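Try each task before reading its solution.

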Amino acid sequence: VFIRENRSFLVRSAGESPDNPLIDISHESLIRQWKRLGEWVDEEAAAAKTYQRLVGTAELHTDQEPRYYRDAELAQGLDWRKGHGEVWARRYPGDFSLADRFLRKSQAVAQQEKQQKARDRQERERLLQEKAAIANQQAEQQRASLRKTRRILSFTGLVAILMFLAAGYAWHASDRANALAK
């Protein structure tokens, strides 16, 4: 439609085969004004960059020096993987299957680390609860000991007062007996 009847938006030339011709946009001004095309070009460049970084990291990764993706890198890699496959990757150098295995292993390691962190957090919470229970038990024992000490002191104080009164009464009785004896 874009090349017939003196239209010149597209230029058709021989490609790899007659069934697969190469189609090019003929006017640079059309390319500059076609915003969606610019977005596609930017998206493709970003995807290619992500893929090349993924391939490079996967090639550097070893069991002795693991370089797994985590957090933002992993999220970006997984997001990239949703829309790009082996056929797409043939356009660029690199071993797609190695990169894909690396990305899946990174995801598995990240999941294991997340589960371990959750277990560690649960264990910390359990230990904190035990520590709080022990602290509450010790505080209750201290309160009980304080109540017992107060009772003992109150009883001792009462006995002291009674002894003081008895001594005063005895002293008074002794003074009276001495006064009567004289």
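For residue classes, Ala, Val, Leu, Ile, Met, Phe, Trp, Tyr, Cys and Pro count as nonpolar, Asp, Glu, Lys and Arg as charged, and the others, Gly among them, as polar. This is a predicted model, where local features need pLDDT of at least 70, side-chain atom pairs count only at pLDDT 80 or more, and totals for chains, interfaces and linings use all residues. Residues are numbered from 1 along each chain as its sequence is written, and side-chain values use heavy atoms, with hydrogens and water left out.

**Exercise 1.** Sort the residues that line the largest cavity by class.

*Solution.* Start with the list: Thr 50, Arg 53, Tyr 69, Glu 73, Gln 76 and Gly 77 form the lining. Next, apply the classes, which gives 1 nonpolar, 3 polar and 2 charged residues. Finally, look at the origin: α3 (71-83) gives the largest share, 3 residues.

**Exercise 2.** Is Thr 50 buried or exposed?

*Solution.* First locate Thr 50, in helix α2 (residues 35-60). Its relative accessible area is 10%, and buried means under 20%, exposed over 50%, partly exposed in between (1.4 Å probe, protein chains only). Thr 50 is therefore buried.

**Exercise 3.** Which residues does Thr 50 contact, leaving aside its neighbours within four places in sequence?

*Solution.* Take contact as heavy atoms within 4.5 Å. With those neighbours set aside, the partners are Gln 76 and Trp 80. Of these, Gln 76 also lines the largest cavity, as does Thr 50 itself.

Conventions: Helices (H or I, at least four residues) and strands (E, at least two) are DSSP runs, numbered from the N terminus. On a 1 Å grid over the protein atoms alone, a cavity is a set of points where a 1.4 Å probe fits but cannot get out, and a pocket is an open set with protein on both sides within 12 Å along at least five of seven lines; lining residues have an atom within 4 Å of a point.
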